[in-house]
Amino acid sequence: MMIFSLIAVTAISSIFVIFPEVTQAQTEENVFVTHNGKVVKTTGEVIDPLYAEATMEFDPMEYLRDFDYGKTSPLPDGTTLREYTIVAEDDKIMEVSPGVFYNAWTFNGSVPGPTIRATEGDTVKINFINNGSKQHTMHFHGIHPAEMDGVFEVVGGEGGQFTYEFIAGPAGVHPYHCHVMPLEEHIVHGLYGVFIVDPKEGREPADEMVMVLNGLDTDFDTENNFYAANTIPFYYQHHPIQINTNELIRIYVVNMVEFDPINNLHLHGNLYKYYPTGTDLVPSFYTDMITLSQTERGIMEFEYQYPGKYLFHAHKVEFSEKGWVGIFLVSDSEQETLSLTAGDPNEYGT
Ligand SMILES: [Cu+2]
C-alpha cells in the first residue's frame with residue numbers, strides 16, 4: 001500500500017512538474033516535456049489534473065450494451081418522434097489507466113457519448129446544449145438537410161444551444177462527432193459517439209454491443225499513447241465480455257482513432273459476417289479480419305460453437321499491445337439449459 005501510494009504520489013507530482021499550471025484557452029504553441037522526457041509543442045490546451053475539479057467515471061461494460069432510444073411520441077402522420085438532450089462539456093478529467101489522466105471532452109459526461117438509436121423514418125430531435133468553454137457542434141453522418149449538418153452552425157460555449165432535427169436514415173451504424181476546428185483536437189479529446197438506425201423490418205434478435213475503437217494521445221504530441229475498444233485500454237481483457245454458445249452476437253463497430261491511418265479487428269476461433277456501414281441486410285464478407293479508416297464502421301455478426309476464452313484485438317500489434325485487446329468468455333448454453341432442466345421435477349414425470 002505504501003509503495004502504491006508512493007508511486008501514485010510520484011506519478012502525480014511528475015504530472016505537476018510537467019504541467020506546472022492550468023493554461024487558458026489559447027492558440028499559441030505551448031512547449032513542454034512529456035512523461036518520457038520528450039520535448040513537444042502543442043496548440044492544445046493543457047490542464048493539470050491536480051487543479052481540475054471535474055472528474056469522470058466511465059464503465060465500459062455498461063456502455064457496451066447501453067442504447068438511448070430517446071423520449072418517444074407519435075406524430076400526426078403516424079411516424080415516431082424521438083427526442084434526446086445532449087450536453088457537451090470540455091473540463092472533465094478521466095483516469096484512463098492507473099496514474100494516467102486525460103482531459104476528456106464529453107457528450108453527456110462520457111467518452112464515447114451515448115449511443116443514439118432510432119428506426120429508419122423516425123424524426124430525430126436533438127436538443128444540444130454546449131456547456132463547454134469552447135465552441136462545439138454535433139455532426140451526424142447520414143442523410144439530412146445542410147443546416148442540420150453541424151458544421152457551419154457553430155454553437156458557442158457556456159450554454160449555447162441548437163436543435164438538430166432530421167429523419168433517421170439510412171439504416172446502418174453511423175458516427176456522430178463535434179465538427180469545430182481544429183477538428184482533430186475536438187475528436188481526439190472524446191466528442192464522438194454512435195448513431196444506430198435500425199431498418200424498418202428490424203434485425204434478427206441478438207446479444208447486441210457497441211465497440212468504438214479509439215486512441216488516446218495522453219501527452220498531446222499528436223501520436224496515440226494508448227488504444228482501446230471503448231476508451232479504457234485493456235478493459236475487456238481484464239473484464240471479459242460474457243456471451244453464450246449458439247447465440248447470435250451483433251457488434252456495431254466504429255473506428256474513431258485519429259493520427260493513425262488505419263485500425264483493424266481480428267476475432268479468434270471464429271469468423272463473422274460483416275456488413276460495411278450496416279446499410280445492406282446482406283453481408284459483404286465472411287471473415288475474421290476487417291480494416292477500418294477514420295469513421296469507417298460496420299456491423300459484425302457471429303455465434304460461437306465452442307465454449308471458452310477467445311481474444312479479439314487489433315491485428316496491428318502495436319495497437320493491441322497498447323490496450324486495444326479484449327476477451328469473449330463463451331459459456332456453453334447447452335450445459336446451462338441442462339443444469340436448469342435437471343432440477344425440474346416435471347421434466348421426467350413423477
Ligand atoms: Cu468541439
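The protein contains six helices and 23 strands, where helices (H or I, at least four residues) and strands (E, at least two) are DSSP runs numbered from the N terminus. The structure is a predicted model, in which local features need pLDDT of at least 70 and side-chain atom pairs count only at pLDDT 80 or more, while totals for chains, interfaces and linings use all residues. Residues are numbered from 1 along each chain as its sequence is written. Of the 350 residues of the protein, 37% count as buried; a residue is buried if 20 or more other C-beta atoms, placed from the backbone, lie within 10 Å of its own, exposed if 12 or fewer, and partly exposed in between. Among contacts (C-beta atoms, placed from the backbone, within 7 Å) between residues at least 6 apart in sequence, 70% join residues at least 24 apart.

Beyond its neighbours within four places in sequence, M211 is in contact with A229, N230, I251 and V253.

An open sheet of six strands has the order β14-β13-β16-β21-β18-β19 and mixed pairing, two strands being paired if DSSP finds at least two bridges between them. Its edge strands, β14 (226-229) and β19 (285-287), each pair on one side only. Neighbouring strands of this sheet are turned by 25 degrees against each other on average, direction ignored; axes are lines fitted to C-alpha atoms, for helices over the stretch in contact, and angles run from 0 to 180 degrees between N-to-C directions. Strands β13 and β16 (residues 249-255) run parallel and are joined by seven bridges, with E208 opposite R250 in β16.

A further open sheet, also of mixed pairing, comprises five strands in the order β15-β23-β22-β17-β20. Here β15 and β20 (289-292) are the edge strands, each pairing on one side only. Four bridges link β15 to β23 (residues 325-331) in the parallel sense, and the bridge partner of I241 in β23 is F328. Strand β22 (residues 308-313) pairs with β23 in the antiparallel sense over six bridges, and H313 stands opposite V325.

Residue G172 lies in strand β11 (residues 172-177) and counts as buried because it has 23 C-beta neighbours inside 10 Å. Leaving out residues up to four places away in sequence, G172 touches V197, T277, G278 and T279. The C-alpha atoms of G172 and P276 are separated by 8.7 Å, although these residues are 104 apart along the chain.

Several backbone features were also identified in loops. A cis peptide bond joins G169 and P170, with omega about -5 degrees; P170 is placed in the loop between β10 (160-167) and β11. Another cis peptide bond, between M181 and P182, has omega of about -5 degrees, and P182 lies in the loop between β11 and α3 (183-188). Although not a glycine, N230 has a positive phi of about 65 degrees. This residue, N230, lies in the loop between β14 and α4 (235-238) and counts as buried, with 22 C-beta neighbours inside 10 Å. Phi of F259, likewise not a glycine, is positive, near 75 degrees. F259 is located in the loop between β16 and β17 (263-267) and counts as partly exposed, having 13 C-beta neighbours inside 10 Å.

Note on methods:
Two residues are in contact if their C-beta atoms, placed from the backbone, lie within 7 Å.
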